[in-house]
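Subject: Structure for you to look at

Hello,

Here is the structure I promised to pass on. Please open it first, then read my notes below.

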Amino acid sequence: MTYGGLPQVVQFSDERQKTEYLKNIFSNVYIRDVVERNKLHDIFLISKVQRYDIKGRKYVGANLKYYFSDVGLRNARLNFRQQEPTHIMGNIVYNELMIRGYNVDVGIVVNQGSQRYYIQVAYDMTSEEKQTQELRSLRNIPDSFKKIVIVNGTKKPWRNEEGFVIMGMKYFLLNADSLEF
């Protein structure tokens, strides 16, 4: 999750080489392109996503969220600080859903044709308190579309007593039809 998905990164054996490579790519390729074009989202480095109010069933203009197309470049830009695991996982989930052809809104509300899924990304749900916190937003959704929680790890999907699907990040990423469980 730290160094992203650029294929070139895996050929470097130590962290210093990977860090320097990503910083160089960001400053020499992306920043130069940004200076010429003026906006990060124009070069598909950053996606701007609107927040969707589930209860009001409308888009909210405020509270936009930004996702990087590659978390390694994100981390290089931030000098490898601010590596909050849940945010990085959310960014990876967003990217994967976009690759799979879904329309994604902040929340995460995922639409494809007539299908809709509500996805919560949670790095840790080991305590009762954390489970309550992470599931609260899904419990308040007033419709019957599938509700999914993606957690850190390799867990195969299972349904809890409320019918929410819980699956590990690795399972989600490696199974293109994982939302259909």
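How many aromatic pairs does a search of the whole structure find? The search finds 3. Rings of Phe, Tyr and Trp (its six-membered ring) pair if their centres lie within 6.5 Å; planes under 30 degrees apart count as stacked, over 60 as edge-to-face and the rest as tilted.

Before the details, some ground rules. This is a predicted model, where local features need pLDDT of at least 70, side-chain atom pairs count only at pLDDT 80 or more, and totals for chains, interfaces and linings use all residues. Residues are numbered from 1 along each chain as its sequence is written, and side-chain values use heavy atoms, with hydrogens and water left out.

**Overall layout**

The protein has 5 helices and 8 strands. Both are DSSP runs, numbered from the N terminus: helices are H or I with at least four residues, strands are E with at least two. From the N terminus, the order is α-β-β-α-α-β-β-β-α-β-β-β-α.

Of the 181 residues, 40% are buried. Buried means under 20% relative accessible area, exposed over 50%, and partly exposed in between (1.4 Å probe, protein chains only). The protein exposes about 10500 Å². Carbon and sulfur atoms supply 48% of that area. Accessible areas come from the Shrake-Rupley method with a 1.4 Å probe; for residues, only the protein chains shown count as cover.

Now the contacts, meaning heavy atoms within 4.5 Å. Take those between residues at least 6 apart in sequence: 47% join residues at least 24 apart.

**The aromatic pairs**

A pair of aromatic rings is described by the distance of the centres and the angle of the planes. One of the 3 pairs is Phe12 with Tyr21. Their ring centres are 5.3 Å apart and their planes stand at 45 degrees, so this pair is tilted. Phe12 is partly exposed, at 22% relative accessibility.

Another pair is Tyr102 with Tyr117. Here the centres are 6.1 Å apart and the planes are at 85 degrees, so the pair is edge-to-face. Tyr102 sits in the loop between helix H3 (85–99) and strand S3 (103–105), and Tyr117 in strand S5, so the pair ties together parts 15 residues apart in sequence.

**More on Tyr117**

Look at the neighbours of Tyr117. Leaving out residues up to four places away in sequence, Tyr117 touches residues including Tyr102, Ile108, Lys146 and Leu179. The C-alpha atoms of Tyr117 and Lys146 are 5.1 Å apart, though 29 residues separate the two along the chain. The side chain of Tyr117 also makes a polar contact of 2.4 Å with the side chain of Glu180. A polar contact is a pair of N or O atoms within 3.5 Å; within protein, one must be able to donate a hydrogen and the other to accept it, and residues adjacent in sequence count only if both atoms are side-chain atoms.

Strand S5 (residues 115–122) also holds Gln120. Is Gln120 buried or exposed? Gln120 is buried, at 15% relative accessibility. Its side chain makes a polar contact of 2.8 Å with that of Glu134.

**The core**

A nonpolar core is a set of buried Ala, Val, Leu, Ile, Met, Phe, Trp, Tyr and Cys residues joined through side-chain atoms within 4.5 Å. The largest one has 23 residues. Among those with the most contacts inside it are Val93, Leu97, Ile119 and Ile150. Which element gives the most to this core? H3 does, with 6 residues.

Ile150 is in strand S6. Its relative accessibility is 0%, so it counts as buried. Among the residues it touches, beyond four places in sequence, are Met89, Val93, Ile119 and Phe172.

Most residues other than glycine have a negative phi. Asn79 has a positive phi, near 55 degrees. Phe80 has one too, about 60 degrees. Asn79 lies in the loop between helix H2 (71–77) and H3, and Phe80 is found in the loop between H2 and H3. Asn79 is partly exposed, at 41%, whereas Phe80 is buried, at 19%.

Best wishes
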